[in-house]
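Subject: Structure handover

Hi,

Here is the structure you asked for.

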Amino acid sequence: MTILETDRLVIRKFEPDDLAALIAFRTDPRVSKYLGGAKIQNPDSLKERLRFYIDCCDTHGFGMSAAIWKETGELIGACGLQPLENTGETDVGYSFAYPFWGKGLATECAKAWLRLGFTKFELPRIAAVAQTGNSASQNVMKKLGMRFVKNAGHYGLNCAYYLVEREEFLQRFGGENE
Ligand SMILES: CC(C)(COP(=O)(O)OP(=O)(O)OC[C@H]1O[C@@H](n2cnc3c(N)ncnc32)[C@H](O)[C@@H]1OP(=O)(O)O)[C@@H](O)C(=O)NCCC(=O)NCCS
């Protein structure tokens, strides 16, 4: 089920059959470095996590979703809104297969997700968290107009917590997706 389309990506709900593709890119040590490493990004845990992503979409209408590279149809990453553990807030997350880094894809699809969150789902604000050393992820947040608020513990990691309010975002980027 397609949720969003950007210039270069189709964003669709994850399916159980995506497990192998999810394991393939998330267990790459370059990708898992700031995602809890092999302790979290291993085949058993990812099987559970995939179930969570699918359940989240069924419950909320949004969730971490599959990013499909339009050019080839391959699954190259994950991006989406999801409940931030234990807080009742919503956060945006993203991860991409290493060969696709540096092309602006995380910014492209996270921006589309923020628009959807603020328009369709009428969220008042959206957070993002990244391990403090994860400057690549924080650079994406800054490009999305998110501002650093605090350091906080999330998902068992010391994280930088960023936030953007609906009005701030819509004024800067507009409310229309493709
Ligand atoms: C974080 C991540 C999603 C960024 O995706 P992306 O599509 O490469 O994002 P962008 O192209 O917009 O680049 C964002 C930043 O990534 C960094 N970056 C880009 N290419 C890189 C590369 N080949 N190696 C290391 N860092 C790189 C840069 O800091 C860049 O910021 P800049 O453009 O201001 O210089 C990607 O690096 C990734 O999947 N990392 C592993 C998973 C992860 O940490 N996810 C975030 C969890 S909070």
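A polar contact here is a pair of N or O atoms within 3.5 Å. Keep that cut-off in mind for the distances that follow. Note also that this is a predicted model.

Start with Tyr94. One of its backbone N or O atoms lies 2.8 Å from a nitrogen atom of the ligand. Ala106 also uses its backbone: an N or O atom there is 3.0 Å from an oxygen atom of the ligand. Lys143 uses its side chain instead. An N or O atom in that side chain sits 2.6 Å from a ligand oxygen atom. As for cover, the ligand taken alone exposes 910 Å², and the protein buries 74% of that.

The shell around the ligand

How many residues surround the ligand? There are 20, and the closest are Tyr94, Phe96, Gly102, Gly104 and Lys143. By type, the shell holds 11 nonpolar, 7 polar and 2 charged residues. Four elements each supply at least two shell residues: strand 5 (90–96), helix 5 (105–119), strand 6 (125–131) and helix 6 (135–143). Helix 6 gives the largest share, with 5 residues.

The pocket

Where does the ligand sit? The space it takes is the largest pocket. That pocket holds about 1,200 Å³ of space. Its lining counts 44 residues. Closest to the pocket centre are Leu35, Tyr94, Ser95, Asn134 and Ser137. Several elements give two or more residues to the lining. They are helix 2 (29–32), helix 4 (43–60), strand 5, helix 5, strand 6, helix 6 and strand 8 (157–165). The lining divides into 23 nonpolar, 13 polar and 8 charged residues.

Where to look

Best wishes

Conventions: Residues numbered from 1 in each chain as written. Predicted model: local features only at pLDDT ≥ 70, side-chain atom pairs only at ≥ 80, totals over all residues. Heavy atoms only, no water. Near = heavy atom within 4 Å. Polar contact = N/O pair within 3.5 Å; in protein donor to acceptor, adjacent residues only side chain to side chain. Areas by Shrake-Rupley, 256 points an atom, 1.4 Å probe, with all protein chains shown as cover. 1 Å grid on protein atoms, 1.4 Å probe; cavity = no way out; pocket = protein on both sides within 12 Å on 5 of 7 lines; lining within 4 Å. Sits in = over half its atoms within 2 Å of the grid points. Nonpolar A, V, L, I, M, F, W, Y, C, P; charged D, E, K, R; others polar. Points joined across faces, edges and corners; volume = space filled by probe spheres on them.
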